Protein chains: 2
Amino acid sequence: MAIVVDAMGGDHDPDVSVRGALAAARDQGIEIILVGIEDVLKAKLRQLGEKDLPISIYPASQVVKMKESPADTLRHKKDSSIRVAFELVCQGKAEAVVSAGNSGATLATALVTLGRIKDVRPAIAALMPTLKNPVVMIDVGANVDCRPHHLLQFGIMASVFSRELLGNAEPKVGLLSIGEEGSKGNQQVKRAYDLLAGSDLNFVGNVEGREVFKGNVDVVVCDGFVGNICLKLSEGLAEAILTMLKSEIEGNLVATMGYTLTRSAFQKFRKKIDYAEYGGAPLLGIKGIAIICHGLSSPKAVKNAIGVAHELAKVRLADKLASSISKRRDLLEAL
Amino acid sequence: MAIVVDAMGGDHDPDVSVRGALAAARDQGIEIILVGIEDVLKAKLRQLGEKDLPISIYPASQVVKMKESPADTLRHKKDSSIRVAFELVCQGKAEAVVSAGNSGATLATALVTLGRIKDVRPAIAALMPTLKNPVVMIDVGANVDCRPHHLLQFGIMASVFSRELLGNAEPKVGLLSIGEEGSKGNQQVKRAYDLLAGSDLNFVGNVEGREVFKGNVDVVVCDGFVGNICLKLSEGLAEAILTMLKSEIEGNLVATMGYTLTRSAFQKFRKKIDYAEYGGAPLLGIKGIAIICHGLSSPKAVKNAIGVAHELAKVRLADKLASSISKRRDLLEAL
């Protein structure tokens, strides 16, 4: 079945999302439905000139802008590309949504269309590069005010995701805090520690900020406020470090010659810390599959997100999340 | 007057703190009192062989270990090097404390000896490198559960600190959050936004994680849980990036040759992101000056921390913080 791509939501759409979709259709043979203003998308496809790919267009007359409030979107933009994309999944015409648009609106639209798994707070999971394998950080922005049992839910969902997408049989789950001991942290985190420790997850205790990039855990649990700040801080720091290094090198002729020689190492390194490699951030806890991409995504990021969406749909991730939560309902309901 | 150095608290003490103290005394002519077990410190000074420096030893029979709880420390270690260090300031024999020891114990000891400025929650301020000037992030660990008006206090104190130490006449204060608009953030931050916006600080609004390292603000305000995670995440990521880059370079002969040429650029760059350059993190809101250094500090970091402590004592920072808070008492008491 098809993956539906909101082709009008991102900062450089429809160009970026259409290019990403074309690449996914061409390289991975994934069937794709592009949603957006029909004439615009037809013209873009014509311009890019690819033919005979499994791509179709489904019309939507409205576009949600980046700064629009999710509530306004739901009220006034019932024919927006993001809304229509989710409706197609609800109608069984597609199996997952990929969008580089307004992430708050995407989340809100997913909730009113697909709906959430019973009693669950859906959360956004991000894959972050580490010295070893990528780590799943959850939540990176869906829930800014969480109760301790929400953090337990995030740990359960991210464990399923890590197992299904990355093949970690028993994902090591860490709780982001300010010291290793369970007694360290704020009130929310200290209570979440006890819940995680009492669960059947492979909980390895608190992880400090310094440990995240060592790659010794597979899942890092935190609330959406902290997670969003960490994600963006990391992006900003990685960028700043490359800028500083570049400016030191450019100020120096010998170093510039040296840089020419090290360029391929640099490029491999950039690739390693490039978020585009990971495509996007899946929204876990809804009754379906949705991947939220960065508004400034590259075509490669959209392509990779489509690949991940296809993979998650194939393993029926939403069903597995629901059964994983349902198995632990006793634990969650007691809270 | 002298700076008192807890010479036994850090992971590699007394070696590191004594070397740092010697360097500060030698290069900056700062008078120093080393506190710790007398025989140990005498032997260390003898080993390092520096003479005729303005350094004295003041005995303390106990040492606080890194993992000890602050409460236990206060109860059972009344003759610890950190406790005796603060007592010397209380007695007017020294003007500031520098310690690379257990930061929780240092904070607790500062509170019971020097005490806090009336109605203030003392907070730890850290200087972080950016693409422009260093930014003061506050709080990075003293208060894990904050109310909105505590964040206003942090903004007031860090503004004074930024003005006095870094010479920013009207420091730009940003509130760490997950979006630029005041409506973005968790409950705590949304209320703090209103308080900061209604104050006479040079409040420029929310800053996102991605903006921190661009250096467009002078002060970033957050609670101690978020700040500690950000600080350690940044340290961990900078280290991970250097490790990744090095491993790419080492796997490649041509790149290794290139690296030799770029080495001096690398070294300048490392220096720029090296926390040792900034010495340590001042504790703001106590009735006196205390600088908390990383447990794994280098002698250079301790030396720089001593220099900062000396500077802050000279400008009478604690008095300025008290009067800055007191001027705004109406605002703070109304909360």
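The dialogue below turns to helix packing and then to domains.

Tutor: This is a predicted model, in which local features need pLDDT of at least 70 and side-chain atom pairs count only at pLDDT 80 or more, whereas totals for chains, interfaces and linings use all residues. Residues are numbered from 1 along each chain as its sequence is written, with chains lettered from A and ligands numbered from 1 in the order in which they are written.

Student: At what angle do the axes of helix α1 and helix α10 of chain A cross?

Tutor: Two packed helices are described by the angle between their axes and the distance between the axes. Helices are DSSP runs (H or I, at least four residues) numbered from the N terminus, and axes are lines fitted to C-alpha atoms over the stretch in contact, with angles from 0 to 180 degrees between N-to-C directions. Here α1 (residues 15-28) and α10 (residues 299-314) of chain A cross at roughly 50°, their axes coming within 7 Å. The two are therefore oblique to each other (angles under 35 degrees count as roughly parallel, over 145 as roughly antiparallel, 65 to 115 as roughly perpendicular and the rest as oblique).

Student: Which residues of α1(A) and α10(A) meet?

Tutor: Contact requires C-beta atoms, placed from the backbone, within 7 Å. Among those meeting are A:Val16 and A:Ala24 in α1(A), and A:Val302 and A:Ile306 in α10(A).

Student: How is chain A divided into domains?

Tutor: Domain bounds come from an automatic or database domain assignment. Domain 1 of chain A covers 1-120 + 285-316, and domain 2 covers 126-277. Their centres, taken over C-alpha atoms, are 26 Å apart. Domain 1 brings 14 residues to the contact and domain 2 brings nine residues. On the domain 1 side, α10(A) gives the most, with six residues.

Terms used:
Two residues are in contact if their C-beta atoms, placed from the backbone, lie within 7 Å.
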